[in-house]
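Trainee: I would like to learn how to read a helix and a single residue in a model like this one. Where do we begin?

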Amino acid sequence: MAAASRLAARSRPASRPNPAVGCIIVEDERVIARGWTQEGGRPHAEAHALNQLEKGGAQGASVYVTLEPCAHRSERGPACADLLAEAKPARVVIGVSDPDPRTAGDGVERLKSAGIAVDVLDDAAARESLAGYLSTKERDRPFVTLKIAMSLDGCIAMADGTSQWITGEEARAHVHSQRARQDAILVGGGTWRTDKPRLDVRLPGLEDRSPRRVLLSRGFPPDGVKVINEPEGISGLEDVQYLYIEGGAGTSSSFLAADLVDRLEIYRAPIVIGEGKRAIGDIGLEDLSDAHGRWRLVEQRQLGSDHFAAYSRVT
């Protein structure tokens, strides 16, 4: 299941509006097919994997899929539960049940009715790979990543607002790779007016992965930019499973105060600024004890002279 979850990463964000799903078919402890949700959401991962086999090639095999196979029929393609029932594998192992009411439980029952053994795991790796999709279904909002590039003393800019560049080329390239995995990217009105950010992806070969742009502001929307008036407005962003926030400090603080951040990504440069603009403002914290136990380190690496660390919110 961990391998299928990593495979699902190939789908993100190209699979939107569908979830990024991974599927592996195994026979005699040998992988005979791999699939992931294709661009635009079709074919689904199971169909993509089955298409690599001759008719009957999955019979008696084991199928590992990160999300419960869909049970609803669509003009865009058949239900994956029906495709698997017809393929007749001996076993289907499912990472996460589908919260979509069109499928929830029905996919499993359809497989069982076809005589296929089914295991539903509620697997941590599968849930992580589907974090954006599950967030939209279970919390009616996208999965939110807050990115902050700061100095050792927690500044994001000089006192006069100068912020280019805090981090080096390797860290900035990493940010662009992270942008390429998002459905939308958000900044505040102050950052928009001061820095005039492009908010695109400028890595060779990934330029077409630039996310939609969103602005937290009470002003009029610039051309091609969606405006929301408050952090809770992210619930109204259509077809956005993954939202990436790049600040500034006011925007970062407002999302943290609203408890709407699921992942923190911190890029720390080996510089000391002193009197500068702080990365985070007031987030409504009244007792220091409330700050503990909120975040868990899940990833870190060195990027040139800069250090990157990612933290997941502890639920």
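Mentor: Begin with burial: buried means under 20% relative accessible area, exposed over 50%, and partly exposed in between, with a 1.4 Å probe and protein chains only. Helices (H or I, at least four residues) and strands (E, at least two) are DSSP runs, numbered from the N terminus. This is a predicted model, in which local features need pLDDT of at least 70, side-chain atom pairs count only at pLDDT 80 or more, and totals for chains, interfaces and linings use all residues. Residues are numbered from 1 along each chain as its sequence is written, and side-chain values use heavy atoms, without hydrogens or water.

Trainee: Which residues are buried in helix α3?

Mentor: In α3, residues 80-87, these are Cys-80, Ala-81, Leu-84, Ala-85 and Ala-87. They lie on the same side of α3, because their arc around the axis is only 165°, taken from the directions from the helix axis to the C-beta atoms.

Trainee: What do the buried residues of α3 pack against?

Mentor: Contact means heavy atoms within 4.5 Å. The buried residues of α3 pack against α2 (45-50), β3 (62-67), β4 (91-96) and α4 (106-113). After α3 comes Lys-88, with a positive phi near 60°.

Trainee: Is Ser-129 buried or exposed?

Mentor: Ser-129 counts as buried because its relative accessibility is 16%. Ser-129 sits in helix α5, residues 124-129. Leaving out residues up to four places away in sequence, Ser-129 touches Ser-5, Ala-8, Ala-20, Thr-66 and Tyr-242.
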